[in-house]
Amino acid sequence: NKYDPSRLPYFLVGFGMQILSIAPVFISTASLFSKVTDIRIQGFCHGIRRGVGSIASIIGPLWGGATVRIWNVSIGVLIAMVGFVLVLVLLSFGRLKDPHVPGEQDRSDGTPTLAVDVEAEEQTPLLK
């Protein structure tokens, strides 16, 4: 049960992948989740989402510590989870809309004209 220095690169790769995936995953899930939930239950759904995230932040290190000796499983599951989120983001990317009218500018500083009412569009669910 001694420290094996040959495992350090595997740990650093896994740690780096987690750090690089945290911001895109948290930001995209929060913004897309608010678009796919009904406005009446949005607060409740975000509470459930954060609760699951909190439980995962407790269980994740415990599971990660248990798989230190089997690094291929640990990194494989990490890559599978990040890949799954990437597939979900790519599938929902086509539903996103560009709010600007192409080629039109309504201000002298070059700011493009908005094609949609941003306030009303934020309240419209992404999925119906």
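## How H1 and H2 pack

In this predicted model, helix H1 (residues 8-36) and helix H2 (residues 42-66) have axes that come within 10 Å and cross at roughly 150°. Axes here are lines fitted to C-alpha atoms over the stretch in contact, with angles running from 0 to 180 degrees between N-to-C directions. H1 and H2 are therefore roughly antiparallel to each other, a label given to angles over 145 degrees. Their crossing is right-handed, meaning that the near helix is turned clockwise from the far one by less than a right angle.

On the H1 side, Thr29, Ala30, Phe33 and Ser34 meet Gln42, Cys45, His46 and Arg49 of H2, with contact taken as heavy atoms within 4.5 Å. By class, the contact of H1 with H2 has three nonpolar, four polar and one charged residues.

## The chain as a whole

Helices (H or I, at least four residues) and strands (E, at least two) are DSSP runs.

Of the 128 residues in the chain, 9% are buried, that is, under 20% relative accessible area with a 1.4 Å probe. The accessible surface of the chain comes to about 10,000 Å², and 69% of that belongs to carbon and sulfur atoms. Among contacts with a separation of 6 or more, 48% join residues 24 or more positions apart.

## Reading notes

Residues are numbered from 1 along each chain as its sequence is written, and side-chain values use heavy atoms, leaving out hydrogens and water. Local features need pLDDT of at least 70 and side-chain atom pairs count only at pLDDT 80 or more, while totals for chains, interfaces and linings use all residues.

Key:
Buried means under 20% relative accessible area, exposed over 50%, partly exposed in between (1.4 Å probe, protein chains only). Accessible areas come from the Shrake-Rupley method with a 1.4 Å probe; for residues, only the protein chains shown count as cover. Angles under 35 degrees count as roughly parallel, over 145 as roughly antiparallel, 65 to 115 as roughly perpendicular and the rest as oblique. Ala, Val, Leu, Ile, Met, Phe, Trp, Tyr, Cys and Pro count as nonpolar, Asp, Glu, Lys and Arg as charged, and the others, Gly among them, as polar.
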